[in-house]
Structure formats: structure tokens, C-alpha cells
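Please keep the sequence and the structure open while reading.

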Amino acid sequence: PAQETVDDASPDESRLQPLIQPWPLAGSIGKTDLGLILAGDGVYVKDALGRSLIDGPAGMWCVNVGHRHPSIADALRDQAMTLTYTSPWYTSNNPARELAQMLADRAPGDLKHVFLTTGGSSAVETALRLMQFYNNVRGRPQKKLIVSRQGAYHGSTYLSASLNGRPRDHDWMDGATELARKLTCPDPFRRPEGLSIDAFEDFLEDEFRTMIEKEGADRIGAFIAEPVQASGGVLIPTKAYLTRMQAVCREHDILFIADEVVTAFGRLGHIFASQAVFGVEPDMITFAKGVTSGYFPLGGVMVSARLFDELRRSNHPDAMFAHGLTYSSHPIGCAVAIRNIELLENGILDHARAIAPYFQERLKTLEDLALVGEVRGIGLMAGIECVADREHNNPLQIDIEVGKRIDRHCQDLGLLVRPLINMCVMSPPLVINKAQVDSVVEILRQGI
Ligand code: PLP
């Protein structure tokens, strides 16, 4: 109720804040309509109203080992007291080297190299710039188009944002439209009417082939895909979709970039999900979020050794990949990531895999609510989609804010929800237990 009062209040100059929140509406910049979170512990956060809330979205799909983990806090402090920072341009540091080796040992196929960044958008941006560099050096300067899908989310930098696939991401923003192409969202729930699941998969592959024919394979540099479209509403593709898209990429010398910013580091029970869950071996994997469980901003791109072999053997071995960030390979971030991976591999991944079926089964029971069109999920991520009319799965256009309203009710009952228009997303810390899953489902039932 306190939140509703703030939301409903008319603009009041005295309440305007210097802090600009991400994704603000023009009319609400500087307004303090967000709940204030003061502390976290395990799967819980505490807000300024004194409420203890289960962190349903784990921050933003990231606090995988849970809040306030003493071992990560120790790693962070120890590294800050040993070496706070050193330039990645003309020096190196031990945590970065050790982390790179750990990642190379765990990534699928020949993804033996990693470029470290500050988060997901910079990881995607790096992957795309690397694709451009790769094709320039190979003498294919026209091979630069990037194919993504409707419903995708790849970030908020200029190029990464150009690949986002929801209309509202583009309505008021410019983008690199000359470089970006979009395919149909592979969401089986909203497939074209009359198509079976198998026919839908054929349709998606054919569409990609038709696009390649129209644009020319010599103009398409990369296909980028989240294995599970996360911010699009936890959209899980049909079984063979990703392997089929990868095969098309290979046929046409198009780099396949798996954006695992959400799906890596345990959300689907594995360090990387591309191969373990979906059977694909991408040319690059972008990651962020769960790599440090949100304790430090860090991301990166795993890169195929084949690409670097080709670059080394090219006619332009002196060409420079003019790309780098001050905080690439940040020693504190890398030390946190190392400890985080150790924790994941010392029981948390096993726990995540063990509890995932219970989490999914229990959430699925919400489908008996009149407002719920579908509950879908995989691992420890799930989307609850509300519809106005279950027979036709119409999205709730009468109230596009329904997710926010459900979140507000759930917060009063002890659960933080990630509202996404007519959807609620659940991706709790991986350490959630059965009793806490029960609470999540019970609160959602009442909240919805
Ligand atoms: N890629 C995916 C799949 C994401 O979900 C996100 C963020 O949610 C990003 C990229 C961008 O990451 P960041 O917000 O860390 O820049």
C-alpha cells in the first residue's frame, strides 16, 4: 500500500531525486517510485518498510549463490587488500589468468579464449566487434549483418540494444538498424496459428534460410541467440531449434553467438548451458551476471580457438583489435568469480539441478488460475504469463501493468517478483529450498 501511494501521487518537485533509474519513462525521471532494498541474506532481501522478501528474481537473474555469502565477501576483501587494480592494457594479474583458465576448462568445444568485460552489454558488444574485426581481417568487410530474434534482449549499449527484439525497446530509441536483422521469436506458446510444434521448427529454419538468400550469406556475420529468451518472458525454444540454427550458420560461415548472460553459471544447472542443455557448440558465448553472482560487475566472451587461429594465419597479422575496457580483467571481479565458481561446483550446481523439477512442478500448479495462460520454465527460471482470455491466449491488453500489480501484492505477502508487462518472472537464488519454493508458489497464488 505504501508503494501504491507513491506510484499514484502526482509529480512533486520535492521528491525528485538526482539518481536516474534504468529504463525510465520521460515523465517519471527523478521520481522515487521504486521500493528501497536495504539488505540481503541468502534468498531473502529486506526493504525499507521492514519487510523480509524472498528474492524471486535473484536481483536480475544474478545472485545465484544467494546474498551475503561470507566466502565471497572474504574473496572480495582479500583481493582488494592484495591488489585493487592493475591495467589490463600493459599488465596482467593472477586472478584474471586463473579465471581465464577455469573458464576455458569448463566451456564447450574449442572455446579456449576469453575476453573479460564489465557486464552483459559490454560482453555482447565485444563479441560483435570481434566478429567485425574477424571479417575485416579475413578480407570480408561486407560480412557484418547481425541476425537476432523478436523478443530478444542483448543489452543497452548502442549495438547490443539494436538487436533487442521487443517493440518498446525501439519505439523511442535509435539503433544500428543498417546492421540488425530480426527473425521470428521461437516461442512455441505464440507460434503462428495452425502450426504444429514440428512445423513451427521447420518454419523458423526456413525463415532463416530465406533471409540468408535475400541478404546474401556474404553479408551476414553473426547470428546471436539467448538459449532461453530470458527478458522476453522465459521463452524456451523447441527441442532441435538451436542445433538446426547452428547448422545453418555453419553452412554459411555465419558465427553463432550464444548469449548466456542469464543461462550460464548455474541457472540451468551447469556452468555453461549451450552444450550441456541444448547440444550446441557456439563460436562465442557471452556471459555476465551469475559469473560473480552479482557481487561484482563482470562479464566476458568465450571465443573459439579456431577464430584466433584464422586471425593469426591471416594476411593481416598486424591488424589491431582496437577494443578494451579499463575494467577488463578486474582483479577483484576475477577473484570473486573464481570463488563463486568454486562454490557453485561445491554443491550449489547439484542442489540447483536437484530442486529444479520441484520448482517447475510447483509453479505449474498456478495454471489453474483463471488469469494464468501458461507457466513455463527450465532449470531455475520460469515465466508466468497472464492472459485476458485463456482460450485464445490473448495477452492482457486491458492492463499492461498487470505484472507490476501482481508484484505489489506479492511484496505485501513476502515475495519480490520481476514484473514484465503481463508476465511475472521467477529466477530465485539457486540455494532456494523446498519450503521456500512452497512459499513462493503460495504467495504467487494469492498475489495473482
Ligand atoms: N544479454 C542478456 C541475455 C541479458 O539478459 C542481459 C541483461 O539482462 C544482457 C545481455 C545485458 O547485460 P547487462 O545488463 O549486464 O549489460
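Which residues of strand β9 (residues 284-287) point one way, and which the other way? Met284 and Thr286 share one direction, Ile285 and Phe287 take the other, and all are buried. Buried is used here for a residue with 20 or more other C-beta atoms within 10 Å of its own; exposed means 12 or fewer, partly exposed is in between, and C-beta atoms are placed from the backbone. In a regular strand the side chains alternate between the two faces of the sheet.

## Basis of the model

The model is predicted: local features need pLDDT of at least 70 and side-chain atom pairs count only at pLDDT 80 or more, while totals for chains, interfaces and linings use all residues. Residues are numbered from 1 along each chain as its sequence is written. Helices (H or I, at least four residues) and strands (E, at least two) are DSSP runs, numbered from the N terminus.

## Strand β9 and its neighbours

Strand β8 (residues 255-259) runs parallel to β9, and 3 bridges join them. In this pairing alanine 258 stands opposite isoleucine 285. Strand β10 (residues 299-304) pairs with β9 in the antiparallel sense over 4 bridges. Here threonine 286 stands opposite valine 301, and isoleucine 285 stands opposite methionine 302. Strands are said to pair if DSSP finds at least two bridges between them.

β9 belongs to an open sheet of 7 strands with mixed pairing, in the order β4-β10-β9-β8-β7-β5-β6. β4 (111-117) and β6 (180-183) are at the edges, each with a single partner strand, so one side of each has no neighbour in the sheet. From one strand to the next the twist averages 25°. Axes are lines fitted to C-alpha atoms, for helices over the stretch in contact, and angles run from 0 to 180 degrees between N-to-C directions.

Another open sheet has 4 strands in the order β1-β2-β3-β14, again with mixed pairing. Its edges are β1 (37-41) and β14 (415-416); each has a single partner strand, so one side of each is left without a neighbour in the sheet. Strand β2 (residues 44-47) and strand β3 (residues 52-55) pair in the antiparallel sense over 3 bridges, with tyrosine 44 opposite isoleucine 54.

## Helices α5 and α9

Helix α5 lies across β4, β5 (145-149), β7 (220-225), β8, β9 and β10, at about 30° to β10. Helix α9 (residues 241-251) lies across β7 and β8 and runs at about 170° to β7. Contact between two residues means that their C-beta atoms, placed from the backbone, lie within 7 Å.

Of the 18 residues of α5, 13 are buried, so the helix is largely enclosed by the rest of the structure. At 1.5 Å a residue α5 should span 26 Å, and its end C-alpha atoms are 26 Å apart, which agrees. The expected span is 1.5 Å times one less than the number of residues. Glycine 139, which follows α5, has a positive phi near 75°.

## Around the ligand

The ligand is surrounded by 16 residues, of which the closest are Gly119, Gly120, Ser121, Gly155 and Val261. A residue belongs here if its C-beta atom, placed from the backbone, lies within 6 Å of the molecule. Helix α5 (residues 120-137) supplies the largest share of this shell, 3 residues.

By type, the shell has 7 nonpolar, 7 polar and 2 charged residues. Ala, Val, Leu, Ile, Met, Phe, Trp, Tyr, Cys and Pro count as nonpolar; Asp, Glu, Lys and Arg count as charged; the others, Gly among them, count as polar.

## Individual residues

Most residues other than glycine have a negative phi. Aspartate 253, in the loop between α9 and β8, has a positive phi near 55°. It counts as partly exposed because it has 14 C-beta neighbours inside 10 Å. Lysine 289 lies in the loop between β9 and β10 and has a positive phi of about 35°. With 29 C-beta neighbours inside 10 Å, lysine 289 counts as buried.

Asparagine 394 is in strand β13 (residues 394-395). It has 13 C-beta neighbours inside 10 Å and so counts as partly exposed. Leaving aside residues up to four places away in sequence, asparagine 394 touches Val387, Ala388 and Asp389.
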